[in-house]
Amino acid sequence: MVTLEDVRTLARSLPRTEEHLIRDQVKFRVGRIVYLAISPDETSMGFAFPKEERASLVAAEPERFHMPRASDERFNWVRVWLTSIDESELRELVIEAWRMVVPKRVAAAHLDPEPRTRPI
């Protein structure tokens with residue numbers, strides 16, 4: 001099982017991420033865009049996810065993933081029970097959510113730190 005501290009450590013390691021406490025929820029964002037939110041009871045995590053794919057994800061694994069609150073359904077968002085994932089799955093979900101909100105060059109620089117040289 002992953003915890004808020006696991007999420008916090010990973011999210012804070014990603015460029016441009018800021019942590020905020022908003023209405024009793026810990027949220028992580030880049031600029032004004034929230035890409036992760038932990039429920040007040042710390043049992044589930046909402047994360048950025050393509051809206052057109054979330055119904056399939058929830059249908060495939062309803063014991064792990066669930067739809068966002070009705071007020072959040074207009075956003076690219078889905079939720080996961082923290083007890084249902086391990087640290088490697090957390091890493092994948094958090095990084096993919098973060099990639100949805102940062103410029104491609106920022107994600108590329110962070111995830112592929114090897115400088116590319118142009119052929120002469």
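These legends accompany several close-up views of a predicted model.

**View A. The buried face of helix α1.** Helix α1 covers residues 4-12. Which of its residues are buried? They are Leu-4, Val-7, Arg-8, Leu-10 and Ala-11. An α-helix has 3.6 residues a turn, so residues three or four places apart point the same way.

**View B. Where α1 meets α3.** Two packed helices are described by the angle between their axes and the distance between the axes. Here the axes of α1 and α3 come within 10 Å and cross at roughly 45°. The crossing of α1 past α3 is right-handed. On the α1 side, the contact is formed by Asp-6, Val-7, Leu-10 and Ala-11; on the α3 side, by Glu-87, Leu-90, Arg-91 and Val-94. Sorted by class, this contact of α1 with α3 holds five nonpolar and three charged residues, with no polar ones.

**View C. Arg-16, in a loop with a positive phi.** Zoom in on the loop between α1 and β1 and you will find Arg-16. Its phi is positive, about 70°, although Arg-16 is not a glycine. Is the residue buried or partly exposed? Arg-16 counts as partly exposed because its relative accessibility is 46%.

**View D. Glu-42, another loop residue.** Glu-42 sits in the loop between β3 and β4. Here, too, a residue other than glycine has a positive phi, with a value near 60° for Glu-42. The relative accessible area of Glu-42 is 43%, so this residue is partly exposed.

View E. Ile-22 belongs to strand β1. With 23% relative accessibility, Ile-22 counts as partly exposed, since buried means under 20%. Which residues does Ile-22 contact, leaving aside its neighbours within four places in sequence? Ile-22 touches Lys-27 and Arg-29. For a sense of scale, follow the chain from Ile-22 to Lys-51, 29 residues apart: their C-alpha atoms are separated by 23 Å.

Conventions
Residues numbered from 1 in each chain as written. Predicted model: local features only at pLDDT ≥ 70, side-chain atom pairs only at ≥ 80, totals over all residues. Heavy atoms only, no water. Buried < 20%, exposed > 50% of the residue type's maximum accessible area, 1.4 Å probe, protein only. Helix = DSSP H or I, 4+ residues; strand = E, 2+ residues; numbered from the N terminus. Axes fitted to C-alpha atoms, helices over the stretch in contact; angles between N-to-C directions. Left-handed = near helix turned anticlockwise from the far one by under 90°. Contact = heavy atoms within 4.5 Å. Nonpolar A, V, L, I, M, F, W, Y, C, P; charged D, E, K, R; others polar.
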